[in-house]
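Take a look at the model first.

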Amino acid sequence: MTFFHYCPTAAFFSIIKNREVWLSSLTASNDSMEGKWVSTIIGIAANKWGIPPADVGRIIDMVRTIEQYQDCLGFCLSEAEDTLSQWRGYADDGSGFSIGFSEEFMESFRDPNDPLISAHRVIYTLDEQLRLFQPMAQSARRAIEEGAFASQIDSLLATLSEENRLALQKSYQKAHSDLFATLTSEISLFFKLKNPAFDEEKEWRLIRMALDPYTDLDFRVRGSRLVPYLSENFRQLKRPISKVLIGPKNPTSKDVVFGFLAKHGFDDVPVEISRASYR
């Protein structure tokens, strides 16, 4: 399979010339629910797990807190190589390029020894999203039964001796920590799921979870916003790019693109012009 990255001409130039891609903050993307869709899904899932409604609300609040204090760096691609909406949205209104990255390129970002980095398909359908959370059901129910939220509501504490009260509080705190660990056990899920309205993008991602205080990252300016990013090079790969498409409003000739690619070692990469009749 080939994975396509739609981008303006300046980004295309930089990727080819430097043989590197930038993983940028996904929470700065055009989806206001980026990284925040999980709280919606986990609420539906928790109801299906048979968790009491009041505790479902507390789980949602916990997940929203997690969502608020995390970010993820991502490089976005698509299964769709020539889609007008993506030309318009991500490639300078059709004046840019679509770079087709190879399976070899994607495999280079799958590291079983590094849980913070991964390459994966974005999940849009509700049923599939709910299935991803099903393995958490038993652990979540057990943590709640053991008092994960009991310290917020348990009036029994006031009637106990100091020793028993401290022991019970410690038990509740452990249950709460266990629930938190369950909800964050697959932290990359927070950036694997998207609102079904984005389904037509057929997105794949390279992602690396970003941890405060971001001191190991670089930064760039996007409008009035300072955006963290991380550069990842693909200089050691034999065939990282398998195809290039010229955008429907891009005036650059195929010969010029061939020459540019050849100059930077991509002389065997085919070049096509978008079939979209857009101007």
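Buried residues (under 20% relative accessible area, with exposed meaning over 50% and partly exposed in between, using a 1.4 Å probe and protein chains only) make up 47% of the 279 residues in the protein chain. Keep in mind that this is a predicted model, where local features need pLDDT of at least 70, side-chain atom pairs count only at pLDDT 80 or more, and totals for chains, interfaces and linings use all residues. Residues are numbered from 1 along each chain as its sequence is written, and side-chain values use heavy atoms, leaving out hydrogens and water.

The protein chain has nine helices and ten strands; these are DSSP runs numbered from the N terminus, with helices being H or I of at least four residues and strands E of at least two. Of the contacts (heavy atoms within 4.5 Å) with a separation of 6 or more, 83% join residues 24 or more positions apart.

Helix α3 (residues 53-68) has 16 residues and should span 22 Å at 1.5 Å a residue, and its end C-alpha atoms agree at 23 Å apart; the expected span is 1.5 Å times one less than the number of residues. The buried residues of α3 are Asp55, Val56, Ile59, Ile60, Met62, Val63, Ile66 and Glu67. They cover an arc of only 160° around the axis, which puts them on the same side of α3; the arc is taken from the directions from the helix axis to the C-beta atoms. In helix α2 (residues 38-48), the buried residues include Val38, Ile41 and Ile42. After α2 comes Gly50, with a positive phi near 85°.

On to charges. The whole structure holds twelve salt bridges, each a side-chain nitrogen of Lys or Arg within 4 Å of a carboxyl oxygen of Asp or Glu. Three of them are tabulated here.

| Pair | N to O distance |
|---|---|
| Arg275 and Asp82 | 3.9 Å |
| Asp93 and Lys249 | 2.8 Å |
| Glu272 and Lys243 | 3.4 Å |

Arg275 lies in the segment after β10 (271-273) and Asp82 in the loop between β3 (71-78) and α4 (84-90), so their pair ties together parts 193 residues apart in sequence. Arg275 is exposed at 62% relative accessible area, whereas Asp82 counts as buried at 17%.

Together with Glu81, Lys243 and Glu272 are linked in a network of salt bridges.
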